[in-house]
Every structure is written in structure tokens, then in C-alpha cells.
Amino acid sequence: MTARVCRALRTAVAVSFLALVSACASGPPKPTVDFKPGYDFIKVKKIAMYRDSGQVVGDNPLQLSDIQRGRIDEALGYALVNRGVEIVDDAKDADLLLSWHLVTQHKTDVRTWETPAYGAGYGYGMHGRYNRYSMYNCWSCAPTRTEVSVQNYTQGTFIVDLIDPGMRKSVWRGVTQSRMKGNHSEDQGKYKEAATAIFASFPP
């Protein structure tokens, strides 16, 4: 793998969070949310970052830099504070621990469609060339050819977990999935907007 390709892949993973959750022009896509039934989320007042948060696994298991992880942590913390939760540094003081990770997977999108074969004669026949409607009557019998489009891309799944430290299990999960983009952005406002979308329904 060339150095140029490696740099391109690293850039794609580095901006994965932004690419995943702000992929739509109309705003970040709505995440899929699941949580433990009966869990008392009202008692959750303080959240700390999980020590192993920020992993990247899958077909492109490239690690993010501390700066890049910091941007995502800041955005997720910002969104939680706006939901009435305090972010603390010491996990011992937290009611829940926040962990996020990214899973990448190579995908191939294959699409086929039929198009008229150029050069085929239609619109003539027993009524002669003056029957201008015959082309519509016999359109389905005109020769066609199959067109094929193949596109390779990387699909990213961004997963956020809130873990109960006593149970050592996740009690809330938000998942956003999209095709990863290669454009780079350091606009922290975009990260915050995306994180806000993830926690829009928290607490459940």
C-alpha cells in the first residue's frame, strides 16, 4: 500500500465521526438508540469517559490521534452537558461511563439497469414511417442492454455506549451508520452538532 493511500485512509478515519453523523445536507442522520428497560436514568447526574474509549476496529483499524479523540470527546461531553449531565474527570465519581468506538467495513455497491440498445429500429412496420405512435406500442419489444455500476466504499458504524460501572454493562447505546467520506474538517461546531443529534433523546 502506497504512502499516499495510507494518508487518504487515515484522513478518512480521522474525520469518521463528522462524516458519519453529519453526512446529510439537511443535518445529521437520526441515530438508532437502545437502552436497558427499567433502568433509572433520572438518577444519572455525572458521567466520565471510559478509559478504553476511542477505538477503531474493522477493515481499516487505524488509531486516532489524541487530538482527534479529544475533539470527539469534547463534542460528546458538550451534548451531554446540554442534557443536564455533569462531565467529571474521575470515573469513581461518575454514575455512568461514556465509551465510543468506530467499526469500519469495506462494501461494494453493484447496481444494474436496462437501457435501449442504440441502433435498433422502431416506429416503423406495417403502418409505415408515418405512424408516430408505433414506437410507444412496441417500446417493450425493443432490444435492450444491461448497464452495470460498481462502486467500492467504506461503511462506518459509530457506536456510543453509556456503561454502568457497578454492573459493568452498557445500559444505553446510540449507533450511527453511513458511508465514510474523505473530506477533512476541524470545525468543532460540526462535531457538536453531530453529538447533539446522538443524545437528542437522552435520557430515554
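A salt bridge, as the term is used here, is a side-chain nitrogen of Lys or Arg within 4 Å of a carboxyl oxygen of Asp or Glu. Keep that in mind as you explore, and remember that you are looking at a predicted model.

Stop 1: Select D161 and R173. These two residues form a salt bridge, and their closest N and O atoms are 2.8 Å apart. The pair links distant parts of the chain, with D161 in strand β6 (residues 144-164) and R173 in strand β7 (residues 169-179), twelve residues apart. Is D161 buried or exposed? With a relative accessible area of 5%, D161 is buried.

**Stop 2: a pair within a helix.** Now select R69 and D66. Here the closest N and O atoms of the salt bridge are 3.0 Å apart. Both residues sit in helix α3 (residues 66-81); because they are three residues apart there, about one helical turn separates them. R69 counts as buried at 19% relative accessibility, since buried means under 20%. D66, on the other hand, counts as exposed, at 63%.

**Stop 3: neighbours in sequence.** How many salt bridges does the structure hold? There are three, and another one to visit joins R51 and D52, with 4.0 Å between the closest N and O atoms. R51 is exposed, with a relative accessible area of 69%, while D52 counts as partly exposed at 40%.

**Stop 4: a charged patch.** Select E86, D89, D90 and D93, and show their side chains. Together these residues form a negative surface patch. Zoom in on D93, which lies in the loop between β4 (86-87) and β5 (96-116). D93 has a relative accessible area of 45%, so this residue is partly exposed.

**Stop 5: a nonpolar patch.** Next, select V110, V148 and V150. What kind of surface patch do they make? Their patch is nonpolar and covers about 270 Å². One of its members, V148, lies in strand β6, the strand that also holds D161 from your first stop.

**Stop 6: a meeting across the sequence.** Select V57, which you will find in strand β3 (residues 55-58). V57 and V103 are 46 residues apart along the chain, yet their C-alpha atoms are separated by 5.0 Å. Leaving out residues up to four places away in sequence, V57 touches L102, V103 and T104. V57 itself is partly exposed, with a relative accessible area of 40%.

**Last stop: the whole chain.** Zoom out and colour the chain by secondary structure. Walking from the N terminus, the elements follow the order α-α-β-β-β-α-β-β-α-β-β-α. The protein chain has 204 residues, of which 35% count as buried. Its accessible surface comes to about 12,600 Å², and carbon and sulfur atoms account for 50% of that. Finally, think back to V57 and V103, 46 residues apart along the chain. Among the chain's contacts between residues at least 6 apart in sequence, 81% join residues at least 24 apart.

Key
Residues are numbered from 1 along each chain as its sequence is written. This is a predicted model: local features need pLDDT of at least 70, side-chain atom pairs count only at pLDDT 80 or more; totals for chains, interfaces and linings use all residues. Side-chain values use heavy atoms; hydrogens and water are left out. Buried means under 20% relative accessible area, exposed over 50%, partly exposed in between (1.4 Å probe, protein chains only). Helices (H or I, at least four residues) and strands (E, at least two) are DSSP runs, numbered from the N terminus. Patches are made of residues with over 30% relative accessible area and no salt bridge: like charges are joined within 9 Å, nonpolar side chains (Val, Leu, Ile, Met, Phe, Trp, Tyr) within 5 Å. Accessible areas come from the Shrake-Rupley method with a 1.4 Å probe; for residues, only the protein chains shown count as cover. Lys and Arg count as positive and Asp and Glu as negative; His and the chain ends are not counted. The place of a charge is taken as NZ of Lys, CZ of Arg, CG of Asp or CD of Glu. Contact means heavy atoms within 4.5 Å.
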